[in-house]
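Let's take a friendly walk through one model together. Have your viewer ready.

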Amino acid sequence: MKILLQNIKSGQLKVDDVPAPAARPGGVIVRNQHSLVSIGTERTTASFAKKSIVGKARSRPDLVRQVLSKARSEGILETYRSVMARLDEFSPVGYSSAGEVLEVGPHVDHVLPGDIVACAGTGYANHAEIIYVPKNLVAKVPSGIGTRQAAFSSIGAVALQGIRRAELTQGERV
């Protein structure tokens, strides 16, 4: 099965062959028909990768705090090795897709094999042929809506959450 991966350190992208994920309780296996490239999130990830270590640290103070905590408990050298190894890994890319349910794990009752679903979530709705997605990140697509349109569901949900958080109403300008 093919998947798109990105190196966090260099930003390099590669398509790799990996084993298909297995169904687990509380989730579904989906054959992606469309996955959406988010110009904001994925461009940010690519620009983050191109930054120096100092640039990465400045843009992610939350991660710096984690690194400092790890250094206190495990030592500076071990933490340095761990951070460098983590930065040099290839990670799956994508968080919004749609496709056909191939398999349903135990404790999933809102979708069936053959259903068309929209999928969300970093680490789940990746740019890959087949994905595993927890049941709370899968929504059945109404008939008449194609997977190309349904792949926009996560981005639409993010936009709607922004509107809710800003407490905007219809017709307002921002």
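What follows is a short report on the sheet, a pair of packed helices and one further helix in this predicted model.

## The sheet

The open sheet consists of 3 strands, arranged in the order β2-β1-β4 with antiparallel pairing. The edges belong to β2 (13-17) and β4 (90-92); each has a single partner strand, so one side of each is left without a neighbour in the sheet. From one strand to the next, the twist averages 45°.

Across from Gln 6 you will find Ser 91 in β4.

## Helices α3 and α4

Helix α3 (residues 61-74) packs with helix α4 (residues 76-87) at an angle of about 135°, and their axes are 7 Å apart. Angles over 145 degrees would count as roughly antiparallel and 65 to 115 as roughly perpendicular, and α3 and α4 are therefore oblique to each other. Their crossing is right-handed.

On the α3 side, the contact is made by Val 67, Lys 70, Ala 71 and Glu 74, while α4 brings in Ile 76, Glu 78, Thr 79, Ser 82 and Val 83. Sorted by class, this contact of α3 with α4 has 4 nonpolar, 2 polar and 3 charged residues.

## Helix α6

Here is a quick geometry check. Helix α6 (residues 153-166) has 14 residues, and at 1.5 Å a residue it should span 20 Å; the C-alpha atoms at its ends are 20 Å apart, which agrees. After α6 comes Glu 167, with a positive phi near 55°.

Terms used. Residues are numbered from 1 along each chain as its sequence is written. This is a predicted model: local features need pLDDT of at least 70, side-chain atom pairs count only at pLDDT 80 or more; totals for chains, interfaces and linings use all residues. Side-chain values use heavy atoms; hydrogens and water are left out. Helices (H or I, at least four residues) and strands (E, at least two) are DSSP runs, numbered from the N terminus. The expected span of a helix is 1.5 Å times one less than its number of residues. Two strands pair if DSSP finds at least two bridges between them. Axes are lines fitted to C-alpha atoms, for helices over the stretch in contact, and angles run from 0 to 180 degrees between N-to-C directions. Angles under 35 degrees count as roughly parallel, over 145 as roughly antiparallel, 65 to 115 as roughly perpendicular and the rest as oblique. A crossing is left-handed if the near helix is turned anticlockwise from the far one by less than a right angle, and right-handed if clockwise. Contact means heavy atoms within 4.5 Å. Ala, Val, Leu, Ile, Met, Phe, Trp, Tyr, Cys and Pro count as nonpolar, Asp, Glu, Lys and Arg as charged, and the others, Gly among them, as polar.
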